[in-house]
Amino acid sequence: MKNDFRARDHPAYWAFIAHRASGLLLALFLPFHFWALGQALHGAEALDGFLRWTEYPLVKFAETGLVLLLAAHMTGGVRLLMLEFLAWRDWQQNLLAIAAGASLVAGLAFALNVI
Amino acid sequence: MNIRAQVLLWTAQRISAAVLALCVLVHLVTMIYAVKHGLSAAEVLGRTRGNPGWAAFYALFVAAIAVHAPIGLRTILSEMLRWRGAALDLLVLAAGIALALWGWRAVWGVFV
Amino acid sequence: MRSENSRTLSVRVWRGRESGGFRIYEVPRLESQTVLDVVTYIQRSLDQTLSYRFACRVGVCGSCAMTVNGKARWTCRTHVAGVAQGDQIEIAPLANLPVIKDLVTDMSRFFDKWAQAKGQFYGTRTRADDFARVSPDSPQRQAIDAAIECIGCGVCYSSCDVVTWNSAYLGPAALNRAWTLVNDVRDTARVARLAAVAGDAGCHACHTHLSCTERCPKNLVPTASIAGLKRAVAAAALKGGI
């Protein structure tokens, strides 16, 4: 028999979901990001043609989302590195809260500047 | 893939993660700076072009990504889709090479 | 107003093997009732064909582990009052294990993986040798003490999604036991054991979900043991031992 959501309903598991989902979405985004920046090879006008898209509110919203994903994946990853490489202590489980908080701060800082 | 190779893959994932933690921190700061100081091509390239220090930084960033992302994808694909074996390993290796080449191309375009 | 004694529990119980279904039984609700009490009542008074395991009934043996409202627990140590949703409970066999019948699972694979992880002691001393001297304060002995109380009940293994997604994964209990032996200074199979617990089916497959730790009835932290194994294996690999 298999487990369902009831067995997964605890904070460390949500942290895992956030980490895996953000990693996957970032991995899918990166080829597009590299292609867009590679447009600079064709000159400033080619890059500008792409960068004009960033004026649209929906794109700004998506950018903020990406910054959140990146900050979440990084802070979650640092939490994992600490859990794996430092001698285990109970307070480390609370790193989860710190990670979530830090990533939100990063996202907010970006959003406030982009609006 | 033998046990030693699997262990080395995991180790590479963790080392690249540590490198990326630093790179991402810097990147988040630079992105907030960039958003404040102008995002047109002229403004961006004005800051980045002819800058060997930043070029080296972002080249390292790309290399770390090219190691880290494919190993992560390998885990996700093997667990969620139950893929195992050489086909999966070759696919993620190809993804890593593609990310590295595309990424370094972008670094060249933006910083050189 | 109904008194405590006239309340009934509506209990969904898994009947069958891998395929089957939940059957509903009405069970008198009593004070301080445990889930094992409920299962026992059903088998003795309502349906003698129900199959389930138990032994000590007092939280020492781990035999009565089942899935209660979606979470793996020792049913003798689970009060109905603590888990009932209104007057409803759902009881199923442990997950990640083949179902023999109803609430009974086949734990062979669980113990096979224990052996695969080299979860047994290998020593070379004989009666002619002096006692091994192990300080209880040493960091290794403290690491062992934190993990040694495992009785192999299977709750952690049943709760682990990596076990579900990766059929070869050794699982938290086997790896936790291997960690206690890796730290045993008398053991002579350290390198072979580190090789046995390494790789895609070993400690490196743990993603720190912490479901094992969340559910362990003895409050052990298999995740910490597995993290220790990751460090030990990395060190051994760098030295060329793996």
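Good morning. I begin inside chain C, where strands S3(C) and S4(C) run antiparallel and are joined by four bridges. Strands and helices here are DSSP runs numbered from the N terminus, with at least two residues (E) for a strand and at least four (H or I) for a helix. Two strands count as paired if DSSP finds at least two bridges between them. One bridge links C:Met66 to its partner C:Arg73 in S4(C).

Before going further, a word on the source. This is a predicted model, in which local features need pLDDT of at least 70 and side-chain atom pairs count only at pLDDT 80 or more, while totals for chains, interfaces and linings use all residues. Residues are numbered from 1 along each chain as its sequence is written, and chains are lettered from A and ligands numbered from 1 in the order in which they are written.

Now the sheet as a whole. In which order do the five strands of the open sheet lie? The order is S2-S1-S5-S3-S4 in chain C, and the pairing is mixed. Strands S2 (20–28) and S4 (71–74) of chain C are at the edges with a single partner strand each, so one side of each has no neighbour in the sheet. From one strand to the next the twist averages 35 degrees. Helix H1 (residues 35–46) of chain C packs on this sheet and touches S1, S2, S3 and S5 of chain C; its direction makes about 95 degrees with that of S2(C). For such angles, axes are lines fitted to C-alpha atoms, for helices over the stretch in contact, and the angles run from 0 to 180 degrees between N-to-C directions.

S5(C) runs parallel to strand S1 (residues 8–16) of chain C, with four bridges between them. With strand S3 (residues 65–68) of chain C, S5(C) pairs in the antiparallel sense over two bridges. Which residues stand opposite C:Ile91 in S5(C)? C:Val13 is one of them, and C:Val68 is another.

C:Ile91 also leads us to the nonpolar core. A nonpolar core is a set of buried Ala, Val, Leu, Ile, Met, Phe, Trp, Tyr and Cys residues joined through C-beta atoms within 7 Å. Buried means that 20 or more other C-beta atoms lie within 10 Å of a residue's own, C-beta atoms being placed from the backbone; exposed means 12 or fewer, and partly exposed lies in between. The largest core has 77 residues, and C:Ile91, C:Leu175, C:Val197, C:Leu229 and C:Val233 have the most contacts inside it. H10(C) supplies the largest share of this core, eight residues. At least three residues come from each of domain 1 (4–105) and domain 2 (108–238) of chain C. A second, separate core has 37 residues, including A:Ala106, B:Cys23, B:Ala106 and B:Phe111.

Returning to C:Leu175, its partners, leaving out residues up to four places away in sequence, include C:Val197, C:Pro222, C:Ile226 and C:Leu229. Contact here requires C-beta atoms, placed from the backbone, within 7 Å.

Next, the two domains, whose bounds come from an automatic or database domain assignment. The centres of domain 1 and domain 2 of chain C, taken over C-alpha atoms, are separated by 30 Å. Their contact takes 12 residues from domain 1 and 14 residues from domain 2 of chain C. On the domain 1 side, the largest share, four residues, comes from S4(C). That side has seven nonpolar, two polar and three charged residues. In this classification Ala, Val, Leu, Ile, Met, Phe, Trp, Tyr, Cys and Pro are nonpolar, Asp, Glu, Lys and Arg are charged, and the others, Gly among them, are polar.

Finally, the contacts between chains. How many residues of chain C are in contact with chain A? There are 21, and they meet 15 residues of chain A. H10(C) gives the most to the chain C side, with four residues. That side divides into eight nonpolar, eight polar and five charged residues.

Between chains A and B, 29 residues of chain A are in contact with 28 residues of chain B. H1(A) gives the most to the chain A side, with 10 residues. The residues of that side are 22 nonpolar, five polar and two charged.

Thank you.

Conventions. Two residues are in contact if their C-beta atoms, placed from the backbone, lie within 7 Å.
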